[in-house]
Amino acid sequence: MIDIDVLRGLFLFEKLDEEKLRWLASHGEEREFGAGETIIRQGEPAERFVVLIDGEIVMSTETPAGVVTMTPTSQVGVYAGATSAYLGDRAPETYGHSLRATKPSRLFVLPAGKYGRMVAEWFPMAVHLLDGVRLGGLAQRELIDRRQRLTALGTITAGLTHELNNPA
């Protein structure tokens, strides 16, 4: 079980009352990870929500164009993992990114199901707001992706038209 004072020191939990902090302490755990150790792996089942207590972590995402790695962070309280577990059955089933310790690190680890139920019960309005932001972001991402595909198609078409009108 994790010390409640450690949880209180994390910005995510600093405003919670004693009862909620005790609930978190009884349902989560503190885990240590060595430098270079993988904490969560992209594509694996999204089973836990993690919060950095101390150390340094780095997030990376594999894309068709290669691996995109964020800047390592030692910001106490940053979180990752099953962050959308509050969506219940609509939550992603697998992690969309990987997380690795770059230095020896301690993290608070909470099972995704517990995290999801906690957010839904303690902050029901926030669930609706977060879901709206998520859906808006997904729609915006789709629009950007569609525009990029159309731009690429236009570039290919212009090049092909130029070649057809300019016999060698």
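This is a predicted model: local features need pLDDT of at least 70, side-chain atom pairs count only at pLDDT 80 or more; totals for chains, interfaces and linings use all residues.
Residues are numbered from 1 along each chain as its sequence is written, and side-chain values use heavy atoms, with hydrogens and water left out.

The protein contains four helices and six strands, where helices (H or I, at least four residues) and strands (E, at least two) are DSSP runs numbered from the N terminus. Read from the N terminus, the order of these elements is α-α-β-β-β-β-β-β-α-α. The radius of gyration, taken over C-alpha atoms, is 21 Å, whereas a compact globule of 168 residues would have a value near 15 Å under the rule of 2.2 Å times the number of residues to the power 0.38. Along the principal axes, the C-alpha atoms fill a box of roughly 75 × 40 × 25 Å. Of the contacts with a separation of 6 or more, 75% join residues 24 or more positions apart, a contact being defined by heavy atoms within 4.5 Å.

The accessible surface amounts to about 10700 Å², and 55% of it belongs to carbon and sulfur atoms; these areas come from the Shrake-Rupley method with a 1.4 Å probe, and for residues only the protein chains shown count as cover. Buried residues make up 30% of the 168 residues, with buried meaning under 20% relative accessible area, exposed over 50%, and partly exposed in between (1.4 Å probe, protein chains only).

The largest nonpolar core has 38 residues, and those with the most contacts inside it are Leu 7, Phe 13, Leu 24, Ile 39, Phe 108 and Tyr 115. Such a core is a set of buried Ala, Val, Leu, Ile, Met, Phe, Trp, Tyr and Cys residues joined through side-chain atoms within 4.5 Å. Two or more residues of this core are given by each of α1 (4-8), α2 (18-27), β2 (38-40), β3 (48-63), β6 (98-111) and α3 (112-122). Within this set, Phe 108 lies in strand β6 and counts as buried because its relative accessibility is 0%. The C-alpha atoms of Phe 108 and Leu 7 are 8.2 Å apart, although the two residues are separated by 101 positions in sequence. With the same exclusion of residues up to four places away, Tyr 115 touches Phe 49, Ala 82, Thr 83, Ala 85, Tyr 86 and Leu 110.

Two loop residues were also examined. Phe 11, in the loop between α1 and α2, counts as partly exposed because its relative accessibility is 40%. Apart from neighbours within four places in sequence, Phe 11 is in contact with Val 76, Gly 77 and Val 78, and its C-alpha atom is 5.9 Å from that of Gly 77, which is 66 residues away along the chain. Arg 41 is placed in the loop between β2 and β3 and is partly exposed, with a relative accessible area of 43%. Its contacts beyond four places in sequence are with Tyr 95, His 97 and Ser 98, and the C-alpha atoms of Arg 41 and Gly 96, 55 residues apart in sequence, are 8.4 Å apart in space.

In helix α4 (residues 124-164), Leu 130 counts as partly exposed at 39% relative accessibility.
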